[in-house]
Amino acid sequence: MVEKSEAKKLQEKLTHSWNNVWDKIEDKEQIFRLNEEYKSFLDNGKTERESANEIIKIAKENGYIELNEVIDKNITIKPGMKIYANNKEKYVAMFVIGEEKISRGMNIVGSHIDSPRIDIKQFPLYEDSEMALLKTHYYGGIRKYQWVTLPLALHGVVIKSNGEKINVVIGEDESDPVFMITDLLPHLAKDQNQKKLAEGITGEGLNIIIGTIPYQNDDIKDKVKLNVLNILNEKYGITEEDFTTAELEAVPAGKARDVGIDRSLVGAYGHDDRVCAFTSLKAILDIKQPKKTAVGLFVDKEEVGSMGNTGMESKFFEYAVSELVALQEESYCELITKRAMANSRVLSADVAAGFDPNYPEVLDKRNAAFIGKGITIAKFTGVRGKSGSNDANSEYISDIRRIFNENNIVWQMGELGKVDQGGGGTIAYILANYGMEVVDCGVPVLSMHAPYELVSKADVFMTYKGYKAFYEV
Ligand code: MN
Ligand code: MN
């Protein structure tokens, strides 16, 4: 073997490059195994409600007790206790009580379980040209042209006038019908082709076809609409007025699938942000007795600004922590909750923009996250000069860097796009308001917010390992 030159040695010592997870993991089977579980998690929860219920189901199977039960029975909080709080079946908080008191601070991983989609309006059903259609209002940042001419499934709830709640899932079973939004044929798209990409398909144009057979009666108008209502009534016992109290979401139909001849990727709807929800859920389930109280947050409404009583901006988390503090301390005092919050550390678990060789111009290659290079830390998000961003402190990133390096976590730094190319935000700044140390940290994704997004199985695995190491500090 040739001796390495002095320069080569110096270069290895002084310069840095990111690793590929596949090069660093000998037992690749563990990566594939975890991703089989991940695909089921995706298939079992395609809306915030379904994901919340899936998380609660898994939490219960793993010995978690509901917070209200703990309060009702006035159970004393002890280290190792596993508790979950359910916020309206759209937002779940999981706690593993630490050896230290909660007031000393918590280690929190916070993800979101809502994804961009197409919501059905509150008075949606109409007939035009002997077709019945549903009016929609899209949710979150979708690129509208991506959501036409693909099979859609309807998920959600309808609450009848008597208060009965009907769960709806149509379009996921192989024998189910699916739904579709149409697009123009190229032969007649001369005018549409001249429009900007963002304007070719309009929001009010995203109407979903739901039926075309008329009800058998000659004397009435809107026979196709009536036939649809009749089918819905026979199947679910609902009437048109019941749409007013429904939350129905159209999402891409079908299951998560392996992508690539080497099966290295997962293609699915809703990686953003169920990939971070799944990896943090697995991490909190797998930790042993933590020193600090470990918290998994799975919130709703991130894609529309985190508002509302199921979003991160709501006081629900603070409330749940107050309840736990009250059960742990001799006497309750608000200051203790404030201390618990201020002493906490957070990984804001959200997806990063993966570098896409089809669109190299939107990212700075030196600072972009790459598919397969592991869990990604984003120091800041924001737009135009970091505006609106939680810019994580060096001291805190240094702690995370040490945790990752000491636990052989393959990690990388990633920036959300080139300067002035656009940008975005996460729940990071909301938790930072309490004085917590917060940094964005998650899985790089390709085609983010598209009906079918891509992640690397290696990154899913490494993100799970990273979150676990963070909890176990
Ligand atoms: Mn997200
Ligand atoms: Mn998003």
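**Helix packing, metal site and salt bridges**

Helix H11 (residues 394-406) packs against helix H13 (residues 457-471) at an angle of about 110°, and their axes are 9 Å apart. Helices (H or I, at least four residues) and strands (E, at least two) are DSSP runs numbered from the N terminus. Axes are lines fitted to C-alpha atoms, for helices over the stretch in contact, and angles run from 0 to 180 degrees between N-to-C directions. H11 and H13 are therefore roughly perpendicular to each other, a term for angles of 65 to 115 degrees. On the H11 side the contact is made by Tyr396, Ile400, Ile403 and Phe404, and on the H13 side by Gly466, Ala469 and Phe470; contact means heavy atoms within 4.5 Å.

This is a predicted model, in which local features need pLDDT of at least 70 and side-chain atom pairs count only at pLDDT 80 or more, while totals for chains, interfaces and linings use all residues. Residues are numbered from 1 along each chain as its sequence is written, chains are lettered from A and ligands numbered from 1 in the order in which they are written, and side-chain values use heavy atoms, with hydrogens and water left out.

Next comes the metal site. The manganese ion (ligand 1) is coordinated by His112 (NE2), Asp272 (OD), Asp350 (OD) and Asp350 (OD), at 2.1 to 2.5 Å. Donors are N, O and S atoms within 2.8 Å of the metal (3.2 Å for Na, K and Ca); water is not among the atoms, so sites may look incomplete. Aspartate 272 bridges the manganese ion (ligand 1) and the manganese ion (ligand 2), which lie 3.3 Å apart. Histidine 112 lies in strand S4 (residues 106-112) and aspartate 350 in the loop between strand S14 (345-348) and strand S15 (352-353), so the pair ties together parts that are 238 residues apart in sequence. Both histidine 112 and aspartate 350 are buried (buried means under 20% relative accessible area, exposed over 50%, partly exposed in between, with a 1.4 Å probe and protein chains only).

The structure also holds 30 salt bridges, each a side-chain nitrogen of Lys or Arg within 4 Å of a carboxyl oxygen of Asp or Glu. One of them joins glutamate 249 to arginine 117, with the closest N and O atoms 3.2 Å apart. Glutamate 249 is in strand S10 (residues 246-252) and arginine 117 in strand S5 (residues 117-128), so this pair links distant parts of the chain, 132 residues apart. Glutamate 249 and arginine 117 are buried.

Definitions and conventions. Angles under 35 degrees count as roughly parallel, over 145 as roughly antiparallel, 65 to 115 as roughly perpendicular and the rest as oblique.
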